[in-house]
Amino acid sequence: MFEEKKQTTALLRPKVWALTLLLATLTPAMAFAEGEALSQEHGNLLWTLIAAILVMFMQPGFALVEMGFSRAKNAGNILMKNLLDFSAGVPVFFLVGFGIMFGQDIAGFFGSSGFAMSGVDPTSAAGQWDLTFLFFQSVFAATAATIISGGIAERTKFSAYIIVSIAVTALIYPVSGHWAWASLWGGDELGAGWLEAMGFIDFAGSTVVHSVGGWIALAGAIVVGPRLGKYTADGKAKAIPGHNIPLAGLGVFILWFGWFGFNPGSTTTVDGTIGYIAVNTAMAACTGALGAMIFAWIKHGKPDTSMSLNGALAGLVAITAGCYEVSPVGSLIIGLLAGILVIISIEFIDQVLKIDDPVGASSVHGVCGVFGTIAVGFFAAPGYGDNVGIFYGGGSEILVTQLIGAAAVFAWAFGAGLVLFTILKMTIGVRVTQEEELKGLDITEHGMESYNGFQIFTNE
Amino acid sequence: MKLVVAYIRPECLNAVKQELYAKKIYNMSVTNVLGSGRQKGFTETYRGVVMEVNLLKKLRLEIGVNDDFAEQAVEAINAGARTGKEGDGVIFVLECAAAVRIRTQETGPAAMG
């Protein structure tokens, strides 16, 4: 284009000469820039890395939510658990978990290669992608692991929790992850898990990440038993209020922020879908908070702060499976229903099943994860993703597959969680002594207070 | 009339309250206090450095009762607060010269409820 201009307008005035010269110097520079434009490959790598960093930031989110919803005397212990499960989980996933989740498939059930990223060449484009993908997947594994600490907060032995974290990131999470996501790394070459071969849809991990964490937390809460004073002698549930709702609220916002890496990042590709996935994620989180707020308002007379916060997380967990498959309108409805469901579930688990889950981890991540997974069978919309759900005239096959997937992962994660916690209970013990629990785990497990200099009022 | 003042372990408050309720004693005031008894505190480590903590967190419980309830209040506090280890605290029973219930203007034993 510039060449043509030069030919038609040149040689008329000195000014034009100057302009032509300027253009002539600029043109090579532009050509150079064109050649160096971000390739699709590098764009994918960059986007996946940014998303992974956002997902890593969900760790402080979880830490703050769990800390805020528990008592001041245990705040430092919760923080240590969140620090530990990330610090232990990421290396363990690198050494063992990744290979089981994404390695050479054996019968659709688990992988068997790629341990410690052996054989990956960091100088090749493929190797660079592999390591980026590992980083992205390791922060996901750490997310599943960190969900558990909230469900068993305020009474679990720190030493037992270390072993739980290692077992989850080495084995429990990678096995069910393999069922649904195995081919994300090696494609057809390394084989697919049995659930994904059936067409199971869990785009960013309502089931693979959140339900797994939620169900292990539920198993842990059952085996460890309720906190002292949680249930009266005649079995009535008592409230043990969290000590810092502002911290918990900040944590929810941070999780919400991180979720924009969790869901849109799960494309691991830069394409046009990442925008609508972010829209869907935002919609469901908003209506999740609204649903919980309105439902609590009608049911209990006040728009409960902690329940509304749980509602936003419930919406986020529920949209995670279908964020690529549903429309923004579908997301609004899924979030709203999840916000209502999470309150019903928290109250059912707390008051009817009498399982003490201090932060509602099993309801937010387990129950709403299953709900979101099943919802894909109804809400998968034409034009979004690759499937059409029942509400848009699709068949019921997707719904059936979603139900099978959610049930199978429940059986695995809950069952493995029960076995793991029971073995720990019979060996090193899972619970602190009564005296330690009354004094608080900060002093008794870690030898220091979280709020030195503050007066913590005891009113139990 | 007696004023029962007890210094107890914070973690024993619930147990003490339940014991008091069982004896139909519902009026009490609770404040956070720092104090030390014979055991002279404990040691804590902070970032690897040992620190002495001389004053321990305790709760101060005050209960105004009529004479015939004083013994029961002491019994209840004993039952709820005793672990048998150092730091269980102490109970003082003081004579109470006068009492006025502000809303009803009742005085004397009637004001103690």
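Predicted model: local features only at pLDDT ≥ 70, side-chain atom pairs only at ≥ 80, totals over all residues.
Two residues are in contact if their C-beta atoms, placed from the backbone, lie within 7 Å.

**Chain A as a whole**

- The secondary structure of chain A comes to 18 helices and 2 strands, and 54% of its 460 residues count as buried.
- For 460 residues, a compact globule would have a radius of gyration near 23 Å, and the value for chain A, 25 Å, agrees with this.
- Taken along the principal axes, the box filled by the C-alpha atoms of chain A is roughly 100 × 50 × 50 Å.

**Helix α12 of chain A**

- Just after α12(A) comes G301(A), which takes a positive phi of about 90 degrees.

**The sheet of chain B**

- In chain B, 4 strands form an open sheet in the order β2-β5-β1-β6, and their pairing is antiparallel.
- The edges of this sheet are β2 (29-35) and β6 of chain B, and since each has a single partner strand, one side of each is left without a neighbour in the sheet.
- On average, and with direction ignored, neighbouring strands of this sheet are turned by 25 degrees against each other.
- In general, strands of a sheet pair through backbone hydrogen bonds, either parallel or antiparallel.
- Between β2(B) and strand β5 (residues 56-65) of chain B, the antiparallel pairing runs over 7 bridges, and L34(B) stands opposite K57(B) in β5(B).
- Helix α2(B) packs on the sheet, where it touches β1 (2-8), β5 and β6 of chain B, and the direction of α2(B) makes about 5 degrees with that of β1(B).

**A loop residue of chain B**

- T83(B) has its place in the loop that lies between α2 (67-81) and β6 (90-95) of chain B.
- Because a residue is partly exposed when its count lies between 12 or fewer (exposed) and 20 or more (buried), T83(B), with 14 other C-beta atoms within 10 Å, is partly exposed.
- Although T83(B) and C12(B) are 71 residues apart along the chain, their C-alpha atoms are separated by 8.9 Å.

Conventions: Residues numbered from 1 in each chain as written. Chains lettered and ligands numbered in written order. Rg over C-alpha atoms; globule rule 2.2 N^0.38 Å. Pairing = 2+ DSSP bridges. Axes fitted to C-alpha atoms, helices over the stretch in contact; angles between N-to-C directions.
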